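Visitor: I have not looked at this one before. Can you walk me through a few spots?
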Amino acid sequence: MNTRTNDHSQTLAGRVAIITGGAAGIGKATALAFAAKGAKVVIADHDAVQGNGTVAEVISRGGEAAFVSVDVCNAGSVESACEAAADRFGRIDFAFNSAGIMGAFGQRLADVEEEEWDRIVTVNLKGIWLSMKYEIRQMLKSGGGSIVNAASIGGLRGGPAAAVYSATKHGVIGLTKSAALQYATEGIRVNAICPGYTETPMMAAMKATSPQTYEARRESIPMKRLGAPEEMAATVVFMCEDASSYMTGAAIVVDGGCLAF
């Protein structure tokens, strides 16, 4: 049953979005937001159970969606996922690369093990690069598209409790700006969203294991609340819509005022 109530809102009808890390958190919220605008969505994630759950939710709301399994650290897996998305729906117009991990939280730099450094950098930075690499190849086939990468306010300032994470998010912003410059005349726009503290599974884990840290994070926000995944999703979708057609190479902060200090 189609549950859409306002066809005038279907501004992205006929277009296709792929979301890495789309099984939960901001990725899931963005998949639902794209679908609400009429886009067909491909959930690319390593978690098939939650990923297919997101697909089912999109379909229950009258949208079209498919799940593809992906390991963003593996080039072959990412290439196959992008090819599968294009084969399923004919093209890729939009991409939101949201897969990422925190890791090494609270550790000082000299105490981080090399294996942990490699793990975080591989997922958060190499994963974004691989995703863009194969998304861009698909977008060039169909005349262009729009990519949004998940950075963080940690990519715009130091991270005393998450130095490696902060380093990778600075790198994501650098990749975003560089890709935007390289493909500016080929119809591909590349931007980044820099969320502040958001109610995601990552923050839920912090709340469970260190409620004092969680509360300190909340109190540090000028708005005195964490962001909702839906608020981040709305910004991602805007950065892909025609309304933002002159925006590329931007790192948009959505943080409740944290970086206003």
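Guide: We will go through a handful of residues in turn. Keep in mind that this is a predicted model.

Visitor: OK, which residues form the negative surface patch?
Guide: The patch is made up of Asp111, Glu113, Glu114, Glu115 and Asp118.

Visitor: Where is Asp111 found?
Guide: Asp111 sits in the loop that runs between strand E4 (94-97) and helix H4 (114-141). Its relative accessible area is 48%, so Asp111 is partly exposed.

Visitor: Switching topic. Arg217, buried or exposed?
Guide: Arg217 is buried, and it has no salt bridge. This residue belongs to helix H7 (residues 211-220).

Visitor: Which side chain of opposite charge is nearest to Arg217?
Guide: That is Glu215, 11 Å away.

Visitor: What does Arg217 touch, then?
Guide: Leaving out residues up to four places away in sequence, Arg217 touches Phe105, Ala161, Tyr197 and Met206.

Visitor: And what about the phi of Lys224?
Guide: Phi of Lys224 is near 60 degrees, a positive value in a residue other than glycine. Most residues other than glycine have a negative phi. Lys224 lies in the loop between H7 and helix H8 (229-240). With 40% relative accessibility, Lys224 counts as partly exposed.

Visitor: Last one: where does Ala29 lie?
Guide: Ala29 is part of helix H1 (residues 25-36). Its relative accessibility is 8%, so Ala29 counts as buried.

Visitor: Which residues does Ala29 touch?
Guide: Not counting residues up to four places away in sequence, Ala29 touches Pro229, Glu230 and Ala233.

Terms used. Residues numbered from 1 in each chain as written. Predicted model: local features only at pLDDT ≥ 70, side-chain atom pairs only at ≥ 80, totals over all residues. Heavy atoms only, no water. Patch = residues over 30% accessible without salt bridge, like charges linked within 9 Å, V, L, I, M, F, W, Y side chains within 5 Å. Areas by Shrake-Rupley, 256 points an atom, 1.4 Å probe, with all protein chains shown as cover. Salt bridge = Lys/Arg side-chain N within 4 Å of Asp/Glu carboxyl O. Lys, Arg positive; Asp, Glu negative; His and termini not counted. Charge placed at Lys NZ, Arg CZ, Asp CG, Glu CD. Helix = DSSP H or I, 4+ residues; strand = E, 2+ residues; numbered from the N terminus. Buried < 20%, exposed > 50% of the residue type's maximum accessible area, 1.4 Å probe, protein only. Contact = heavy atoms within 4.5 Å.
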